[in-house]
Amino acid sequence: MKPTFASHLDAFGQWRLETDARLAALARFAREHDLLDDGSAEWFEAMRRRLSGEKLMVAFVAEFSRGKSELINAIFFSDKGRRMMPASAGRTTMCPVELGYDAEDPVGLSLLPIETRLEATSLAEYRVQPQAWTWHVLDLANPDEMAKALAEVMRTRMVSPEEATALGFWDAERPADNPPLSADGQVEVPVWRHARINLPHPLLKRGLVVLDTPGLNAIGTEPELTLGLLPQAHATVFILGADTGVTKSDLDIWRDHLSGPALARYVVLNKIDTLADPLSTPEQVQQVITRQCASVAQTLEIPTENVFPISARQALAARLTGDAQGLVQSRLESFEHALSEGLLPRRRDNLAQASWSGAQQFQQQLTRRFGEMRRLHADQLHELRGLRGKSSGKVQLMIQRVQAEAAEFEQCTARLHAMRSIHARMLRSMLHDLSSERLRQEVDVLQQVLGGSWLPLGARKAFVDLCARLRELIEQAQQRNDEIHAMLVASFSRLNAEFGFSLVADVPLDVRKYTDDLNLIERNYVQYLGLSQAFRLAQPGFQEQFRRMLISRLRVVFETISNDIELWNKTASAQVDSQLRERRRNFKRRYESLDRIQSASNELDTRLQEVQAQDERVLQLQTRLQTLMDQLGEMADPSAQADVAQVPQPSAAAIEALSLDLNLGQVSDVPAAGETA
């Protein structure tokens with residue numbers, strides 16, 4: 001069977017699992033042999049958390065009655081043996097529906113009442129208030145009952161135009177966008193504001209989040225959806241009707257909410273089965289489909305290859321009945337393949353690059369440490385071999401020399417203290433301009449413009465100016481981190497020359513790359529600050545939601561920059577501590593060795609053997625480190641991962657094997673690195 005989006009995503013999940021296992025093996029090896037400093041431990045924890053917890057959000061957007069829910073059923077839920085998401089003629093999904101899986105939450109359907117729109121509390125804040133949601137249990141063993149429970153997302157009720165106005169579904173100033181009035185002057189509104197489905201579906205457990213959005217009326221009135229969830233989606237799938245093409249409401253959704261950049265954008269021309277005509281030949285029907293695709297591409301100003309004609313209903317029926325020919329005729333597999341190729345390789349490459357580059361830096365750090373340990377062992381062996389045939393008086397002189405060297409070495413502590421003091425001061429100054437407080441101050445300048453007039457026509461320029469100031473903060477952070485790097489290079493050079501350290505300042509951190517994230521936020525949000533959105537932006541409730549969502553998105557970027565800077569600086573400082581600790585241990589071992597040799601003449605050969613064994617153990621550690629890095633490199637190498645769908649599922653035995661370390665610490669009577677002989 002041809003690989004589906006589901007099988008590609010499952011293979012991607014298996015790749016993440018195996019990469020995580022290999023990182024775990026590397027971290028465990030370092031921890032068990034006292035080679036893991038605090039900075040490296042934080043990196044391993046953050047990288048493994050990213051591998052296991054990073055979500056992949058795909059947003060499905062359409063006006064009502066375009067077959068959006070049916071498409072979700074066909075792609076994700078055909079294994080349930082029936083429709084899961086409500087899909088019938090007319091309006092079905094009435095509120096945004098988020099499908100995902102969190103193992104810490106119970107399986108079920110959570111529904112947020114529409115009345116919460118009357119409160120200032122944001123959707124993000126409601127997420128951590130379970131008492132605000134209405135809860136429905138989902139019986140995984142009973143698909144019919146599950147489908148019945150999920151039908152809650154269709155529920156509506158009738159309210160007065162005044163109440164509809166308060167809820168955001170009626171605007172007397174823009175009657176063309178209002179829903180129709182009933183015979184008794186009522187307005188139909190959704191019962192629920194937002195729905196969350198926590199389901200242990202294999203794809204959702206792999207980190208997929210599916211966002212099913214309602215039509216234009218709900219998209220335009222839910223700020224957190226338009227300003228938060230849609231811009232954060234890694235891919236957007238815009239569904240049109242093959243029989244209607246791009247309608248005015250479709251075009252409004254596209255221009256107002258989807259024309260901004262995303263990781264990937266796809267347009268689905270659904271319901272091609274409705275174009276079948278008994279009076280036309282199959283070739284003529286195909287010509288109609290081709291013309292519709294070209295027309296859609298021209299109207300939306302996208303390449304024709306980004307428009308996919310399909311029949312979601314035919315695809316779902318084919319998968320439920322095992323009709324291979326019907327599935328081919330539905331053309332769903334071509335779209336799934338494009339969705340897979342447009343999303344998963346790039347996500348995999350990003351994760352692979354992050355894990356491999358971080359592991360390489362860790363390897364370089366350990367390699368330097370191993371080199372320092374072997375240099376100290378070589379010095380000690382040379383010293384011990386020079387004692388053969390020497391008198392006890394000569395040994396005493398050697399003891400005195402070791403004591404003098406240790407005392408001289410301890411003079412470096414004052415130099416280290418001064419360097420750390422300067423380093424900490426420079427770091428605090430840099431992080432202050434990246435703090436949440438500084439970010440809030442900058443956003444407040446924009447808020448003054450938004451709140452300064454009934455129609456904030458200068459909002460767009462104020463927002464562009466805000467982004468320019470934030471880019472300047474990132475540039476300043478880069479310059480200050482470069483200054484810290486230069487200071488460390490000079491300090492390390494002096495310490496190496498005067499006290500025999502082997503300190504190396506890593507390549508400077510590049511924080512300018514986060515300017516791309518800031519640019520993406522700017523492009524996604526600036527569309528809401530034009531003249532067409534000015535009336536909505538003038539509403540106090542929308543302004544507050546805009547401000548909260550903007551700060552939330554920007555905070556993610558700036559906190560990531562701060563975390564990367566702190567981690568880089570902590571790693572740079574950690575080698576000082578490890579080398580200082582190792583040098584002190586070495587002085588202690590040398591002193592105790594000489595003292596034992598002075599006390600017993602037969603101790604010299606024994607001590608020589610012990611030091612040689614310690615050096616051989618370091619070589620073994622280096623070999624094991626290289627083996628673990630080679631295993632991790634196999635997962636990061638794109639040429640070895642040409643097709644993510646072909647990644648084999650690791651068995652429990654394979655994962656266990658990855659976790660096993662050579663028990664190098666069990667060499668008979670040989671002390672571990674850093675212990676006293």
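How do strand 3 (residues 108-113) and strand 4 pair, in the parallel or the antiparallel sense, and over how many bridges? They pair in the antiparallel sense, over four bridges. This is a predicted model, in which local features need pLDDT of at least 70 and side-chain atom pairs count only at pLDDT 80 or more, while totals for chains, interfaces and linings use all residues. Residues are numbered from 1 along each chain as its sequence is written, and side-chain values use heavy atoms, leaving out hydrogens and water.

**The sheet**

- Nine strands make an open sheet with mixed pairing, in the order 4-3-7-2-8-1-9-10-11; strands are DSSP runs of E with at least two residues, numbered from the N terminus, and two of them pair if DSSP finds at least two bridges between them.
- At the edges sit strand 4 (134-137) and strand 11 (307-309), each pairing on one side only.
- On average, neighbouring strands here are turned by 20 degrees against each other, direction ignored.
- L111 has T134 of strand 4 as its bridge partner.

**Helix 14 and its neighbours**

- Helix 2 (residues 38-53) and helix 14 (residues 332-385) pack at about 165 degrees with axes 11 Å apart; helices are DSSP runs of H or I with at least four residues, and axes are lines fitted to C-alpha atoms, for helices over the stretch in contact, with angles from 0 to 180 degrees between N-to-C directions.
- These two helices are therefore roughly antiparallel (a label for angles over 145 degrees).
- From helix 2, S40, W43, F44, M47, R50 and L51 make the contact (heavy atoms within 4.5 Å), meeting N350, L351, A354, S355, G358, A359, F362 and Q365 of helix 14.
- Helix 14 also lies across strand 1 (56-61), strand 9 (235-241), strand 10 (264-270) and strand 11, running at about 170 degrees to strand 10.

**Helix 16 with helix 18**

- The axes of helix 16 (residues 412-432) and helix 18 (residues 459-499) come within 10 Å and cross at roughly 175 degrees.
- Helix 16 and helix 18 are therefore roughly antiparallel too.

**Aromatic pairs**

- Seven aromatic pairs are counted, where rings of Phe, Tyr and Trp (its six-membered ring) pair if their centres lie within 6.5 Å.
- One of them, F12 with W15, is stacked (planes under 30 degrees apart), at 6.1 Å centre to centre and 10 degrees between the planes.
- F12 and W15 are separated by about one helical turn because they lie three residues apart in helix 1 (residues 5-32).

Note on methods: Parallel < 35°, antiparallel > 145°, perpendicular 65-115°, else oblique. Phe/Tyr/Trp six-rings, centres within 6.5 Å; stacked < 30°, edge-to-face > 60°.
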